[in-house]
Amino acid sequence: MFKTGTGDWTTIVDRFAAFERYTGDMNALLLGLVLAFSPATATVDEEPTVDVALIPEVKTFEPGKPFDVAIRVRISDPWHTYWTNPGDSGLAPSAKWQLPAGVTVSPLRLPAPHRIESPGTITFGYEKEVVFLATVTTRPNVKGPLNLRGTLDLLVCHESCIAKQSPLTATVPAGKATMSADAASIFQSTRASLPVGLPKDAQAAAKRSKDGKGVELVVNNLTGDGFDFFALDGGAFASARPVVKQAGQAATLMLAFAQIQTSDPNRLKGVLRSGKNAYWVDLPINR
Amino acid sequence: MRTLTKTLAVLSCVAAATVLVGFQNKAPKAGDTAPNFTASDAAGKSVSLDKFRGKFVVLEWSNYECPFVKKHYSVGNMQALQEKYTKKGVVWLKIFSSAPGKQGYYEPAEMLERGKNVKSFATHHIPDPKGVIGRLYDAKTTPQMVVIDPKGTIIFEGGIDDKPSANSGDIASSRNHVAAALDEAMAGREVSVKAARPYGCSVKYSE
């Protein structure tokens with residue numbers, strides 16, 4: 001903490017200044033002195049623990065028949081990783097695969113994110129545990145056992161950021177497709193966390209706001225409270241929580257355009273949260 | 001005590017910049033006049049953006065521990081840009097808006113040392129521990145870039161290139177927006193990409 005003479009004074013004077021502003025009180029000034037000399041009032045974090053597992057839904061696979069795999073990510077507190085649109089900073093997860101001929105893996109399907117706020121930035125992502133799903137497709141002539149090999153790239157941040165590369169490995173014998181009983185619950189809970197289409201009786205429409213500063217998303221007949229929206233295009237939309245106005249069965253979400261706007265969208269794509277439920281929205285933006 | 005006086009001078013400059021923020025409720029965009037700031041660089045020299053009128057200026061937000069900053073420094077990409085354009089008369093201001101105790105915060109002497117170690121060609125390394133300059137420009141990430149023309153107008157702001165990744169291997173195949181903006185403007189042409197989505201680590205501002 002105290003490496004150079006110059007630095008000591010900067011730190012102390014800065015902390016004095018902060019305390020003086022808040023209180024202007026002599027006691028607080030003394031407290032400031034104590035804090036300035038006590039070690040580790042704010043320090044850079046330790047490294048996070050990131051545990052990644054590749055879990056096939058089947059015990060044995062039938063060549064030609066697709067099956068799902070789960071990528072379970074466990075991150076030690078208080079660290080987090082990111083959604084497809086990470087928000088103001090961060091990076092989307094990405095998986096790279098080395099696969100035998102005739103085998104492909106779909107892009108990752110990610111659960112609805114949460115908003116993670118820190119001074120000056122809002123990001124979209126996950127803490128503690130998150131599970132991504134992907135579908136493995138095999139040609140009928142693929143022989144077992146199938147070796148799935150890949151790498152998951154994650155950016156894990158709290159105060160600082162660490163780029164984590166984790167190996168993805170699983171081996172699945174060929175045979176008549178049999179579901180893995182051990183994996184059933186993780187697939188069930190993960191599927192429940194993935195956004196779905198809007199219910200049939202709900203209506204949604206998007207239009208540019210009159211002041212030109214954003215888009216109004218109007219939702220009708222969708223029960224639940226605590227509406228929130230996560231836009232896929234971070235180049236178009238800000239990461240701030242939308243302003244929500246609710247009137248009876250209708251809710252209006254005001255989504256602000258990004259401060260540095262790099263795309264002018266004609267569609268609104270993203271995840272609408274309503275309480276615990278999450279829905280995919282893809283609507284034309286009416287002018 | 002001389003150091004303390006110097007620090008107090010820095011603080012009063014920071015206070016002056018705070019007043020400016022009060023009038024500025026929206027972050028500046030490409031096409032706007034770059035808001036002025038005055039600060040002390042890591043060597044103790046006073047730096048005022050206004051004094052650089054007549055020259056191109058690049059603002060770079062940095063934090064050497066951020067994987068996205070490492071992406072550009074580990075292979076010499078950022079240093080090569082700094083060298084090329086400072087040799088053409090561009091003023092390069094590298095700004096550190098991390099708060100004390102947070103990643104990317106360096107005491108002034110350490111900041112100079114780290115600059116030497118990475119072979120930085122930045123004209124000035126500027127500590128911004130209270131995030132005054134960062135908030136004035138609404139800098140969200142490291143790295144994040146602003147290019148200002150000789151008239152003091154912002155001609156580019158945002159991410160350094162079009163490949164938002166922490167992988168140095170992506171640099172060769174990406175479009176460097178800062179180099180492009182400077183080349184185009186120096187040739188008297190319109191800047192084709194005026195804004196790009198910033199990508200990287202968040203700026204570790206004070207609470």
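How many helices and strands are there in chain A?

1. Overall content of chain A. Chain A holds 3 helices and 19 strands; helices (H or I, at least four residues) and strands (E, at least two) are DSSP runs, numbered from the N terminus. Of its 287 residues, 45% count as buried, where buried means under 20% relative accessible area, exposed over 50%, and partly exposed in between (1.4 Å probe, protein chains only). Among contacts in chain A between residues at least 6 apart in sequence, 68% join residues at least 24 apart; a contact means heavy atoms within 4.5 Å.

2. Basis and confidence. This is a predicted model, in which local features need pLDDT of at least 70, side-chain atom pairs count only at pLDDT 80 or more, and totals for chains, interfaces and linings use all residues. Residues are numbered from 1 along each chain as its sequence is written, chains are lettered from A and ligands numbered from 1 in the order in which they are written, and side-chain values use heavy atoms, with hydrogens and water left out. The model scores ipTM 0.77 and pTM 0.80. The mean pLDDT of chain B is 89, with 87% of its residues reaching 70 or more; pLDDT is the predictor's confidence in each residue, from 0 to 100. Over residues 1-25 of chain B, pLDDT stays under 50, and the model has 22 contacts beyond four places in sequence for this stretch. Where pLDDT is low, the predicted coordinates should not be read in detail.

3. Strand β18 of chain A. This strand (residues 267-274) is mostly covered, with 6 of its 8 residues buried. Strand β15 (residues 227-231) of chain A runs antiparallel to β18(A) and is joined to it by 5 bridges; two strands pair if DSSP finds at least two bridges between them. Within this pairing, A:A231 has A:G270 as its bridge partner. Strand β19 (residues 277-286) of chain A is also antiparallel to β18(A), through 8 bridges, and A:L272 is partnered by A:Y279. β18(A) and β19(A) form a hairpin with 2 residues between them, and A:G275 in the turn has a positive phi of about 60 degrees.

4. Helix α6 of chain B. Because 7 of the 10 residues of this helix (residues 177-186) are buried, α6(B) is largely enclosed by the rest of the structure. The buried residues include B:H177, B:V178, B:L182 and B:E184. Elements of chain B against which the buried residues pack include β3 (57-61), α3 (77-86) and β4 (91-96). B:G188, which follows α6(B), has a positive phi, near 80 degrees.

5. Loop residue B:S120. This residue is in the loop between α4 (108-117) and β5 (124-127) of chain B. Is B:S120 buried or exposed? B:S120 is buried, with a relative accessible area of 17%. Leaving aside its neighbours within four places in sequence, B:S120 is in contact with B:Q82, B:K94, B:G115 and B:H125.
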